[in-house]
Amino acid sequence: MAFSAFASAAPAQEPAPKRRSKIALLLLAPGVLYLVIFFLVPLFTLVTTALQAPTASGDIGQYVPGFEIGNYATVLAQYSPQILRSFGYSLVATVFALLFSYPLAYFIAVKVRHRPLLQNLLLVLVIAPFFISFLLRTMAWKSMLSDESFLVSALKGLSLMAPDAHITGTPFSVIFGLTYNFIPFMTLPLYAVLERLDTRYLEAGSDLYARPFTTFRTITLPLSAPGIISGVLLTFIPAAGDYVNASRQFLGGTGTTMIGNVIDSNFFDLQNYPAAAALSIILMSAILVLVIVYILLSVYVWKTGTEGLL
Amino acid sequence: MAGGVFAESGADLELVGIQKRFPGFTAIEGMDLTIPAGSFFALLGPSGCGKTTTLRLVAGLEEATAGRILIGGKDVTDTKPYQRPVNTVFQSYALFPHMTIIENVAFGLRRRKIADATGKAHEALRLVELDHLAARRPQQLSGGQQQRVALARAIVNRPALLLLDEPLGALDLKLRRQMQLELKSIQEEVGLTFLHVTHDQEEAMTMADTVAVMNKGKIEQLGAPEVLYELPRTAFVANFLGQSNLFTGPVEGTTGDSISVNVEGNRIVVPKSRAQRHSGEVTVGARPEKLTLHVTEPKPEAGTNLLGPGRVIDVSFSGVSTQYIVAIPGLGSIVVFAQNMGVGPLVGEGTETWVSWKVEHGFGLEDEAPRQPRFSSDTDTASIALEKKRALMSELEEA
Ligand SMILES: Nc1ncnc2c1ncn2[C@@H]1O[C@H](COP(=O)(O)OP(=O)(O)O)[C@@H](O)[C@H]1O
Ligand SMILES: [Mg+2]
């Protein structure tokens with residue numbers, strides 16, 4: 001769904017003549033099989049696990065099939081702060097990533113358009129972090145932001161930070177980590193649309209009395225909307241479920257737990273499988289609802305020309 | 001400048017010593033040009049001669065390397081495009097793809113906060129007969145329709161100076177003629193200044209009050225279409241604006257008001273007033289329609305140039321007139337247009353003929369025609385056909 005947004009404003013094509021060929025079905029078979037085994041079956045297991053009930057003996061980690069709708073109410077009551085925090089952090093990180101990535105992508109795609117060597121170099125720099133595991137990169141940030149780090153001691157030395165304050169373990173460091181880790185996911189789709197931006201439209205805007213900011217608002221922004229939408233989806237969805245940045249082993253603390261961490265601890269530490277499953281389903285449904293609302297808004301209210309998403 | 005009101009009238013445009021250099025390439029070379037307010041000015045020249053660059057400089061989309069640009073007496077050289085009282089009809093249309101046609105046309109009015117932008121935009125669309133497509137997107141229109149929308153989008157702003165970059169290039173002949181008349185009447189009606197760029201000499205001559213012929217980044221000659229046509233000053237103008245028969249040779253005699261030129265033993269007389277140079281090697285010429293064909297040798301007459309005998313090597317009939325190509329030994333090929341007053345061509349291929357024209361119809365150029373004759377001297381029909389094909393191909397490429 002998100003990926004179709006890369007093909008921005010594709011001209012309406014004539015529908016291909018409908019012909020059901022056996023070969024096409026055959027070629028589809030591996031994909032369908034894969035989806036059934038690795039998506040539908042686990043989804044079914046997840047739904048049933050979320051409804052399991054504890055055994056009569058109450059042994060830890062032992063559950064029997066059941067229909068415990070109450071599991072949802074329990075986890076919602078218990079973990080609503082973490083659920084809300086997940087979406088809050090994710091939203092803020094997405095906004096920051098967009099604000100950082102848009103000028104970056106614009107610079108690479110438009111400003112250095114006539115210098116292909118520099119353009120490619122900058123693109124490689126955006127993608128280069130992918131070559132190192134993001135666990136390692138997040139770890140590196142942890143040590144760079146830790147209390148013993150040069151940065152923190154310098155800030156404390158300059159009295160810009162209270163002596164007993166920390167950077168790691170705060171909402172700031174978690175949102176920072178999320179933003180940092182998802183910037184390439186925001187930058188690349190933006191780059192893809194801006195790279196095709198015809199600057200003659202900007203000249204026409206300027207010729208028609210639009211100041212630079214108005215040209216940006218009325219021409220550049222709408223023409224790059226498909227990239228913004230895919231970037232936002234590609235950042236927001238994984239960020240909401242992320243459990244690395246907010247984990248205490250990385251940039252998080254006790255007060256920054258996100259829904260991913262709760263699922264993680266319910267599954268591996270508490271062995272409360274029904275709770276973990278119910279939380280997963282809640283996360284999935286909430287993301288689905290948010291994404292649908294977002295796409296409907298972008299198509300019908302903001303009219304960004306991304307009907308292709310539907 | 002781009003305030004909330006329409007321009008009351010056109011503004012004059014003045015280019016002073018404009019030069020434009022791109023890295024490793026000079027596109028405009030010391031251009032001085034004054035376009036009076038309210039005139040329809042055509043910039044005519046072959047593809048790549050710098051027409052679009054000139055318009056971009058005036059619109060502010062390109063910065064001049066040297067020189068000043070004045071619009072309505074105000075120096076706008078250092079202002080931004082959105083501050084100039086100028087609108088452009090772009091060669092590539094540049095219609096905003098994410099907006100409907102009506103939104104495109106109303107764009108400039110909205111930016112200037114002009115009342116009833118939509119109403120005025122509809123009015124402009126009616127002018128180009130496209131109001132019924134107001135709700136469509138540019139991609140859903142044909143090339144010619146897009147071009148008309150681009151025209152409406154610029155005209156609706158009533159700019160003091162309207163720049164048109166080959167605005168009729170994508171239209172078919174009938175629509176092009178219609179739009180030419182339409183443009184001309186719009187210009188006369190609102191009294192705005194139009195700077196119209198084209199490589200179509202007929203379009204330039206039928207529409208403009210003044211035509212400037214441009215070549216390789218320079219204006220070669222400028223004037224009213226009739227003057228430019230009747231008295232070209234350079235070989236480029238003589239051949240770009242219509243066709244010319246050109247002959248080069250030394251001036252061998254001067255009388256009170258004319259010079260006579262010796263071209264390979266033939267004497268061609270040109271009035272002094274119509275010759276740019278009066279001594280040395282000069283190139284003189286005459287337009288094909290000023291020439292008369294004779295099948296018998298006429299008596300030499302004062303006031304008439306006579307060349308021949310030669311042979312007709314090609315006859316092409318084009319309805320109103322017939323074009324004959326006459327090969328005269330030593331002079332190469334001479335083109336003659338004759339009105340089809342009778343039935344069919346006057347003479348057939350291979351006929352022995354003489355060519356004459358009145359002295360007062362000749363002209364003398366300030367530069368020399370390229371030494372190379374336009375057709376190889378042993379002109380046969382095959383090589384002419386080849387030449388024609390080449391010319392046609394290059395014309396198609398330009399288009
Ligand atoms: N941005 C540019 N960089 C380098 N050369 C250019 C640029 N724009 C135009 N030119 C060159 O300037 C010349 C004039 O171009 P142009 O004004 O577009 O010609 P025309 O409109 O008369 O066909 C051409 O030779 C073209 O290659
Ligand atoms: Mg051009």
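Visitor: Why does B:Arg158 count as partly exposed?

Guide: The relative accessibility of B:Arg158 is 29%. Buried means under 20% relative accessible area, exposed over 50%, and partly exposed in between, with a 1.4 Å probe and protein chains only. The value of B:Arg158 therefore falls in the middle class. This is a predicted model, in which local features need pLDDT of at least 70 and side-chain atom pairs count only at pLDDT 80 or more, while totals for chains, interfaces and linings use all residues. Residues are numbered from 1 along each chain as its sequence is written, chains are lettered from A and ligands numbered from 1 in the order in which they are written, and side-chain values use heavy atoms, leaving out hydrogens and water.

Visitor: Is A:Tyr209 buried or exposed?

Guide: With a relative accessibility of 7%, A:Tyr209 is under the limit and so counts as buried.

Visitor: Which peptide bond is cis?

Guide: The bond joining B:Gly308 and B:Pro309 is cis, with omega at about 0°. B:Pro309 belongs to strand 16 (residues 304–317) of chain B.

Visitor: Why is the pair of A:Tyr102 and A:Phe216 called edge-to-face?

Guide: A search of the whole structure gives 15 aromatic pairs over all chains. For A:Tyr102 and A:Phe216, the ring centres are 5.6 Å apart and the planes stand at 90°. Rings of Phe, Tyr and Trp (its six-membered ring) pair if their centres lie within 6.5 Å; planes under 30 degrees apart count as stacked, over 60 as edge-to-face and the rest as tilted. Both values meet the definition, so the pair is edge-to-face. Because A:Tyr102 lies in helix 2 (residues 70–111) and A:Phe216 in helix 8 (residues 212–223) of chain A, the pair ties together parts that are 114 residues apart in sequence. A:Tyr102, at 9% relative accessibility, is buried, whereas A:Phe216, at 27%, is partly exposed.

Visitor: What makes the pair of B:Phe40 and B:Phe194 tilted?

Guide: The ring centres of B:Phe40 and B:Phe194 are 5.4 Å apart and the planes meet at 40°, so the pair is tilted. B:Phe40 is in strand 3 (residues 40–44) and B:Phe194 in strand 8 (residues 193–198) of chain B, so this pair ties together parts that are 154 residues apart in sequence. Both count as buried: B:Phe40 has 0% relative accessibility, and B:Phe194 has a relative accessible area of 1%.

Visitor: Which residues do ring pairs link into a cluster?

Guide: The cluster consists of A:Tyr63, A:Phe267, A:Phe268 and A:Tyr273.

Visitor: Which residues of helix 10 of chain A are buried, and what covers them?

Guide: In this helix (residues 259–269), A:Ile259, A:Gly260, A:Asn261, A:Val262, A:Ile263 and A:Asn266 are buried. Their cover includes helix 2, helix 9 (225–241) and helix 11 (273–301) of chain A. Just after helix 10, A:Gln271 takes a positive phi of about 50°.

Visitor: How do you know that B:Phe90 is buried, and what does B:Phe90 touch?

Guide: Its relative accessible area is 11%, so B:Phe90 counts as buried. B:Phe90 is placed in the loop between strand 6 (86–89) and helix 2 (101–111) of chain B. Contact means heavy atoms within 4.5 Å. Not counting residues up to four places away in sequence, B:Phe90 touches A:Glu203, A:Ala204, A:Asp207, B:Leu61, B:Arg153 and B:Asp165.

Visitor: How many helices and strands are in chain B?

Guide: Chain B has nine helices and 20 strands. Of its 399 residues, 52% count as buried.

Conventions:
Helix = DSSP H or I, 4+ residues; strand = E, 2+ residues; numbered from the N terminus.
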